[in-house]
Amino acid sequence: MTGEPTIGDVFGEMIRDAYAVATGVGPRPLAGGRLPRPVIEIIERDDGLVNGAPAAHYLDPPQAWPPHDHRAVDRVRGRTLDIGVGGGRIALHLQERGTPVTGLDTSAGALRVCRHRGVRDLVLGTVDEHVADGRRYDTFLLLGNNLGLIEGRERAPGFLAALAALARPGARIIAHGTDPYGTRDPVHTGYHALNRRRGRLGGQLRLRLRYRQLGTEWFDYLVCSVDELAELVHGSPWRLVDVDDADRPYYLATLELAGA
């Protein structure tokens, strides 16, 4: 016994159990042998910070969404790629509205839950891998704070180039981000300072996810200001054309393919 988790499909196992607790479909994790146990996503940061959050929100119906999610889906047009589809909440809503939508995720378990919930078009893999499939899209969604998939300065050019390779003329990206710099909590301001000393963006998180006995490898996930996003987009095939910060510190960033 090492005390370290087994590397596996953390998100898939977690979503499967959250779906079982919510619906009674499939075996449920039990506490005390009888009662369903709350499904909690555990997030570890590389400075030792540990946070937990209920996983049920990945399955929320539209009436439980925050306002910016509704404004985001109202901006969707044409064939759409929902990147980090998770439990399928956005894809299902778009599908019901008649929007042709594909859900993309690296979690096979999450895609199984999406399929069971009725999402019709699903792809396992990264945006880079999906380029080879030859599909093209009008809208890319990075909701649920999935602007973080840009990771940081090193990954941003490749990530944005992959989306450009998947784009039809006039395509747009609609991304949900969070400005991390309004906090005065020294746990977070100290981490921002540490990151800058390491040559990283202040909100560039180094994380791993845990669920039960499983863990992920460590990965980068970016929480950035609008100004930092503009810096990352500069010189890419995309241009930042609109920022909706009505729910600050959360914001919706709309990017359009340059030359559109």
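1. Which element gives the most residues to the lining of the second largest pocket? In this predicted model, α1 does so, with five residues; helices (H or I, at least four residues) and strands (E, at least two) are DSSP runs numbered from the N terminus. Local features need pLDDT of at least 70 and side-chain atom pairs pLDDT 80 or more, while totals for chains, interfaces and linings use all residues. Residues are numbered from 1 along each chain, and side-chain values use heavy atoms, without hydrogens and water.

2. The volume of the second largest pocket is about 180 Å³. A pocket is an open set of points on a 1 Å grid where a 1.4 Å probe fits, with protein on both sides within 12 Å along at least five of seven lines; lining residues have an atom within 4 Å of a point. Among the lining residues are R16, Y19, R112 and H116. Two or more lining residues come from each of α1 (10–23) and α4 (108–117). By class, the lining holds five nonpolar, four polar and three charged residues.

3. An open sheet of mixed pairing has seven strands, ordered β8-β7-β6-β9-β10-β15-β14; strands pair if DSSP finds at least two bridges between them. Because β8 (122–124) and β14 (238–244) each have a single partner strand, one side of each lacks a neighbour in the sheet.

4. Strands β9 (137–142) and β10 (167–178) run parallel and are joined by five bridges. F140 has I173 in β10 as its bridge partner.

5. The whole structure contains zero disulfides (cysteine sulfur pairs within 2.5 Å).

How values were computed: Grid points are joined across faces, edges and corners, and a volume is the space filled by probe spheres set on the points. Ala, Val, Leu, Ile, Met, Phe, Trp, Tyr, Cys and Pro count as nonpolar, Asp, Glu, Lys and Arg as charged, and the others, Gly among them, as polar.
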